[in-house]
Amino acid sequence: MNNRPEFIKHCEDLRTNQSFSYPGDSETFGTGAALGRAFGLKRVAINYEVLAPGDRSSWPHAHSEEEEFIFILEGQPQIWIDGNVFNLKPGDCVGLPPGTGHAHTLINNTKSEVKAIVVGEGHTPSDKIFYPMHQARNIEMKEKGHFWDDHPKHEFGDHDGQTDLKRVKTLK
């Protein structure tokens with residue numbers, strides 16, 4: 001049988017070079033593929049994330065109700081959790097249960113690509129979110145009714161959530 005069914009695909013065949021930016025900001029984030037969407041899945045969001053050197057996956061954020069799971073396929077990224085960074089390697093997993101308030105983002109401070117699978121919930125209408133490093137985004141979320149006002153408070157480390165490459169550009 002040479003012709004595989006339409007519901008079997010390779011993640012690299014679905015990969016795009018499209019990135020995203022937050023409203024009013026020019027920073028772009030990793031690329032990859034929205035795998036769940038590509039297969040028509042509605043309840044689970046599965047993303048193939050590819051971070052070039054100097055990229056991060058998003059602004060640091062935390063969810064009130066959405067679960068997230070990250071599996072590192074390739075590369076040596078760092079995970080930013082509440083102002084602290086932790087080194088990751090292929091095979092490492094990060095589980096972020098809802099309601100913990102742990103703000104997070106993946107950071108690629110290496111000279112090689114990072115590839116990861118990020119799994120979350122496809123649609124959680126009652127989810128609220130907060131961005132500890134972006135107060136303007138929190139105001140926007142509040143105006144839209146999506147701000148997580150009573151999130152658990154955590155002691156934050158001193159890392160600003162930027163990649164080393166972006167931090168150097170900011171300092172110049």
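Predicted model: local features only at pLDDT ≥ 70, side-chain atom pairs only at ≥ 80, totals over all residues.
Let me begin with a term: a residue is called buried when its relative accessible area is under 20%, exposed when that area is over 50%, and partly exposed in between, with a 1.4 Å probe and protein chains only. By that rule Tyr22 is buried, because its relative accessible area is 8%. Residues are numbered from 1 along each chain as its sequence is written, and side-chain values use heavy atoms, with hydrogens and water left out.

I will stay with Tyr22 and turn to the aromatic rings. Rings of Phe, Tyr and Trp, the last by its six-membered ring, are paired if their centres lie within 6.5 Å, and the pair is stacked when the planes are under 30 degrees apart, edge-to-face when they are over 60, and tilted for the rest. Over the whole structure, a search finds eight aromatic pairs. In one of them, the ring centres of Phe20 and Tyr22 are 5.5 Å apart and the planes stand at 75°, so this pair is edge-to-face. Phe20, for its part, is partly exposed, because its relative accessible area is 37%. Another edge-to-face pair is made by Phe130 and Trp148, at 6.0 Å centre to centre and with 65° between the planes. Since Phe130 lies in strand S10 (residues 129-130) and Trp148 in the loop between H3 and H4, this pair ties together parts that are 18 residues apart in sequence; helices here are DSSP runs of H or I with at least four residues, strands are runs of E with at least two, and both are numbered from the N terminus. Both Phe130 and Trp148 are buried. Phe20 and Tyr22 also belong to one aromatic cluster, together with Phe29, Trp59 and Tyr131.

Next come the charged side chains. A salt bridge here is a side-chain nitrogen of Lys or Arg within 4 Å of a carboxyl oxygen of Asp or Glu, and the count comes to nine. In one of these, Arg15 meets Glu113, with the closest N and O atoms 3.0 Å apart. This pair links distant parts of the chain, 98 residues apart, with Arg15 in the loop between H1 and strand S1 (31-34) and Glu113 in the loop between strand S8 (104-107) and strand S9 (114-121). Arg15 is partly exposed at a relative accessible area of 23%, and Glu113 is partly exposed at 29%. Glu140 and Lys144 form another salt bridge, the closest N and O atoms being 3.1 Å apart, and Glu140 counts as buried, because its relative accessibility is 17%. Through salt bridges that share partners, Glu12, Arg15, Glu113 and Lys115 are joined into one network.

To finish, consider the loop between helix H3 (135-143) and helix H4 (164-171), where His159 has its place. Is His159 buried or exposed? His159 is buried, because its relative accessible area is 16%. Asp158 lies in that loop between H3 and H4 too, but Asp158 counts as exposed, because its relative accessibility is 79%. Between the C-alpha atoms of Asp158 and Thr16, which are 142 residues apart along the chain, the separation is 34 Å.
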